[in-house]
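Subject: Structure for you to look at

Hi,

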Amino acid sequence: MDAIRTVDLTKRYGDLVAVDHENITVAEGSLFALLGANGAGKTTTISMLTGLTRPTSGDAYLLGKSILKDGAWIRERINVAPQETAVAQNLTVRENLELIAGIYGQPHAKAVASARHVIDVFSLADVASRRASALSGGMRRRLSIAMGLITSPKILFLDEPTVGLDVFARRELWKVIASLKGSTTMLLTTHYLEEVETLADMVAIMVAGSVVATGTVEQLKEKTGASTLEDAFVALAGGAR
Amino acid sequence: MSARRVWLFSVRTVKEVLRDSVNLFFGMAFPALLLWALSVIYRQVGQMPGARAMSIGDLTASIAAYAPVFLSLFSGMLLAKDRTSSFLARLFVSPMTSADFMFGYTVPMLVVSLAQSLVTFLCAGLFGWHVSARLLLGVVVVLPVALMYTAIGLLCGCVMSDRAVGGVCGAMLTTLAFILSGVTVPLAIMGETFRRIVQALPFYHATQAVVAALGGADGRIWPHLWIVCLYALVCMAAAVAVFAWRRRER
């Protein structure tokens, strides 16, 4: 079964078409990357799929359920690491994690155990009792991503997750993301093409709200005759700009 | 709505509010300080020939009715910060419903109000007020007042930045509530137009309801309290509607 399927998904803000009749399919357990310049419609796509923004027209199906009709069912099975750091500032790292786990229905004992596990995975043990407001920007970002993962979502939306992370933290996160493949479907937006080459099973390139190309990294390179993904991206996105 | 989610979010709200030292000062210490300062001033006024000082009982009731104004600041700032920091966007993706949010922001404010009233009444005992079981009725009568201020804060938090909430709730509302409560400027010396305005607003009625509750004039509670309840319901309905609309229209 496809984990995500969009059908002519469209979002307009007045005269501006942010996403235009988008049709993408994401296989269960795979990592799908959305690439595009700023304002291409990547974040708007995620906002619609996560229920934050209502589409102007079209629909999308997550795990077979409509985002227009089955929002409550879907929300229990997805999670997001937003583009901006999204944490409760006066709560500690552990409290933030337990709060999110609890909100998604984990009993207290399980939430505590999940928090302990995620703290280990994200190397947050040294700051687990520190308030989020006292963390460095990179640590806060890590916590924000950990809050997206603690609920073991069926679908995880990663909106530019590694912005603000140093190279070591980025590589660590890549390992975590790679380990989730197979069990968790992920939709990733990023400006780091190296990240896409390392992690993505499929890539869609968006320009001005439209998907102009879809395929594996190798297929996109073949299609454009480029030797690198960056050249392929420039050829596909630059030509259409 | 889920009771567990409301509980978890309420605990989070309490921690966010009480871990801020500025909130602690304005929520707990400031009403007690104000009570102390005014009780000293009115004691001096009482010694002046011909002057009529406010009794410590009425003063205590007035401060207890005024103190929840800071809840508007706490709830409004918290919601505005959540909204502008993406934390609320994260929770909008979660199973949290609009009802979970509104209860999760509101119930903790009522708990803070209970603590605030108890601190105010017990401090009043130190300043000469006769502590009695009537303070329990006072605590209950303050709750609709607290609900009203919380709703005003949430309404502001839905549509304003945290800085703007600080200005509107932290400066404007606190000043208006103090002046229009009829404590510092008695209704009797106001002009007709001003008196009508004061009587149409809830601040004076909040004070009078608590004065009646502590003073044993039970029959005078409801004629004032229903006006406060009406404002609380209207403000809360508006806050819920705007919150749901903002969530839908993101």
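Start with helices H2(B) and H6(B): their axes cross at roughly 25°, and an angle under 35 degrees counts as roughly parallel, so these two helices are roughly parallel to each other. To find them, look for residues 21-46 of chain B, which form H2(B), and then for the place where the axes of H2(B) and H6(B) come within 9 Å. The crossing of H2(B) past H6(B) is right-handed. On the H2(B) side, the residues in contact are Phe26(B), Gly27(B), Met28(B), Pro31(B), Ala32(B) and Leu35(B). They meet Val112(B), Ala115(B), Gln116(B), Val119(B), Thr120(B), Cys123(B) and Ala124(B) of H6(B). Sorted by class, this contact has 10 nonpolar residues, three polar ones and no charged ones.

Before going further, please keep in mind that this is a predicted model. For chain B the mean pLDDT is 89, with 99% of the residues at 70 or more. For the complex, the predictor gives an ipTM of 0.88 and a pTM of 0.87.

Now stay with H6(B), residues 98-126, and find H3(B), residues 56-66 of chain B. How do the axes of these two helices cross? They come within 10 Å and cross at roughly 155°. Angles over 145 degrees count as roughly antiparallel, so H3(B) and H6(B) are roughly antiparallel to each other. Here too the crossing is a right-handed one. Thr60(B), Ile63(B) and Ala64(B) are the H3(B) residues in this contact, and their partners in H6(B) are Thr120(B), Phe121(B) and Ala124(B).

The unreviewed UniProt entry places "transmembrane region" features at several stretches of it, including residues 62-80 and 101-129. In the model, residues 62-80 of chain B are 89% helix and 0% strand, with 29 Å between the end C-alpha atoms. Residues 101-129 of chain B are 90% helix and 0% strand, and there the end C-alpha atoms are 39 Å apart.

One helix pair to find in chain A is H3(A), residues 93-103, with H4(A), residues 108-121. Their axes come within 9 Å and cross at roughly 130°, so the two helices are oblique to each other. H3(A) passes H4(A) in a right-handed crossing. Arg94(A), Leu97(A), Glu98(A), Ala101(A) and Gly102(A) of H3(A) meet Ala111(A), Val112(A), Ala115(A), Val118(A) and Ile119(A) of H4(A). The classes here are seven nonpolar, one polar and two charged residues.

Cheers

Definitions and conventions. Residues are numbered from 1 along each chain as its sequence is written. Chains are lettered from A and ligands numbered from 1 in the order in which they are written. This is a predicted model: local features need pLDDT of at least 70, side-chain atom pairs count only at pLDDT 80 or more; totals for chains, interfaces and linings use all residues. Side-chain values use heavy atoms; hydrogens and water are left out. Axes are lines fitted to C-alpha atoms, for helices over the stretch in contact, and angles run from 0 to 180 degrees between N-to-C directions. Helices (H or I, at least four residues) and strands (E, at least two) are DSSP runs, numbered from the N terminus. Angles under 35 degrees count as roughly parallel, over 145 as roughly antiparallel, 65 to 115 as roughly perpendicular and the rest as oblique. A crossing is left-handed if the near helix is turned anticlockwise from the far one by less than a right angle, and right-handed if clockwise. Contact means heavy atoms within 4.5 Å. UniProt positions are given in the numbering used here, feature names are shortened, and annotations may be inferred rather than shown by experiment. pLDDT is the predictor's confidence in each residue, from 0 to 100. Ala, Val, Leu, Ile, Met, Phe, Trp, Tyr, Cys and Pro count as nonpolar, Asp, Glu, Lys and Arg as charged, and the others, Gly among them, as polar.
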